[in-house]
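Here are my notes on this one, point by point. Have the model open while you read.

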Amino acid sequence: MTPVRLLRFVSLTCVLCAMTMSTAARAAEWDYLITGGLVFDGSGAEGVRASVGVEDGRIVYIGPADASHTAGVVVDAHGLVVAPGFIDPHTHALALGGEDGPLPLTNYITQGVSTVFSGNDGGGPVDVEGVLTRLDERGLGANMALYIGHGSVRRKVMGMDARAPSGDELGAMEVLVAGATQSGAFGLSTGLFYAPGSFAETDEVIALARVIAKHGGIYDSHIRDESNYNIGLLAAVDEVIEVGREAKLPVHISHIKALGVDVWGLSAEVIAHVNAARAAGVRVSADQYPWRASGTSIAASLVPRWAMAGGREAMLARFDVPEQADRIRAEMRENMRRRGGASSLLLTSGKDEWRGMTLETYARKREEDPIETTLHIIRAGDASVASFNMNEDDIKAFMVQPWVMTGSDGSRGHPRLYASFPRKYQKYVVEDAVLTLSQFIARSTSLPAETLGLEGRGRLQAGYHADIVLFDPESYAPRATFEEPMLLSSGVQYLFVGGKPAIWQGQVQEGLHGKALRKNSHQVQE
């Protein structure tokens, strides 16, 4: 061994010795020691019997059990799976508690989720800094990261106009997006299926995505078409890829699916397009909720986008203009067909007179055509729907892709808000064996963390934030159903958020330990 190599070896040995001595000396000071569990580190590796030490909100040890390891509290995890806290990349959690008061996010933490993203589908706040500050003041049961929403930005600058922006208007939108990224937004979300995002051309989206790219963010999109409403599913996926290629940033497809009977079976082509783009260097990923029913509003499901230009009042007025009303009804009838008919649309919110019925049942009760019943519901304030429009073969084909992570897109009246992660585990790991347990955990932890830019989270690793879930593999299961969508899931015995217990021995704790997460500042690229 050369003197230089010898010196390096001795130096490294000394560092390792110092680390070992430091760990041993501080072992008695650990806040928590988790012992006896089957530990999955989130990388995709199989579980091993190991101990995990937690101190000051961080993981300080993961390795073999040692009698010298002690802590203020020892958690016996025998019979439990120990994993990083799950990360939900697509939620509407920001809207769950109104504008004031704490956000305990009990529906998420009881699934084992320690971090949620919100502001998806183009609806993220423009004032990211103000919202993040208020979230910390209000209190959070889980960590929350935000996107700035393209739809919100466009509405602020252009209202609900169905046109391209002027140069000055595009510049104003770019300034808002840049300010949000500097304030901690993790990226830009779009809802190109929804108005006003649907009024934007691809060039507008690329221009705003370039602003995000300068700050190291990601582009997240509810794509323009998940079916054959307008440009078609494959063209909508290609549009996301084009944004990534032209703006030179990672792109993410929200709740990837083939929606409606007309596009069932297209999952293979979608996967081929994404894999080709990834092979060419475009960083493409997606999330997916494990349900056959999507969730949106009755208006978004059935009313054509051109009829929404100018906002709600303008839309309602068009319902009563004969030549426009006839066209609207014809297009609504076609949209209903592609979703599987009135019997496939379950009304999940709104007035008691229809909630819990299918559109077909409610129309029969009113003794009228389902389209007329739809117009009645929209005039009365609209309603959420669970739309049973997906095919299991497509769901499974997307799920096994290594770039598809778990998400909920949680919305009121749909059990995905309360049960997406345990549903995926029970149906697609335990029952159907589509994924292994290690794959399920990796796609719920390290994959979203690394894809979306969450540093120090998503793995059980020394130095990482102590977001840790311990669940019973025998009892971890969904309880929420379409009939009772607000039942809390079972089986999470412990959940640590930032090293503090959010769930202890199966019971939700009073403290709110989540943080409003800000994306680390990046050097702006010129």
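**Notes on the sheet and helix packing**

1. There is an open sheet of three strands, ordered β6-β7-β8 and paired in parallel (strands being DSSP E runs of at least two residues, and helices H or I runs of at least four, numbered from the N terminus; strands pair if DSSP finds at least two bridges between them). β6 (86-88) and β8 (143-146) are the edge strands with a single partner each, so one side of each has no neighbour in the sheet.

2. A word on the source: this is a predicted model, with local features needing pLDDT of at least 70 and side-chain atom pairs counted only at pLDDT 80 or more, while totals for chains, interfaces and linings use all residues. Numbering starts from 1 along each chain as its sequence is written, and side-chain values use heavy atoms, leaving out hydrogens and water.

3. Back to the sheet: β6 and β7 (residues 113-118) run parallel and are joined by three bridges. Ile-87 sits opposite Thr-115 in β7.

4. On to the helices: α8 (residues 267-279) packs on α14 (residues 392-399) at about 20°, axes 9 Å apart (axes are lines fitted to C-alpha atoms, for helices over the stretch in contact, and angles run from 0 to 180 degrees between N-to-C directions).
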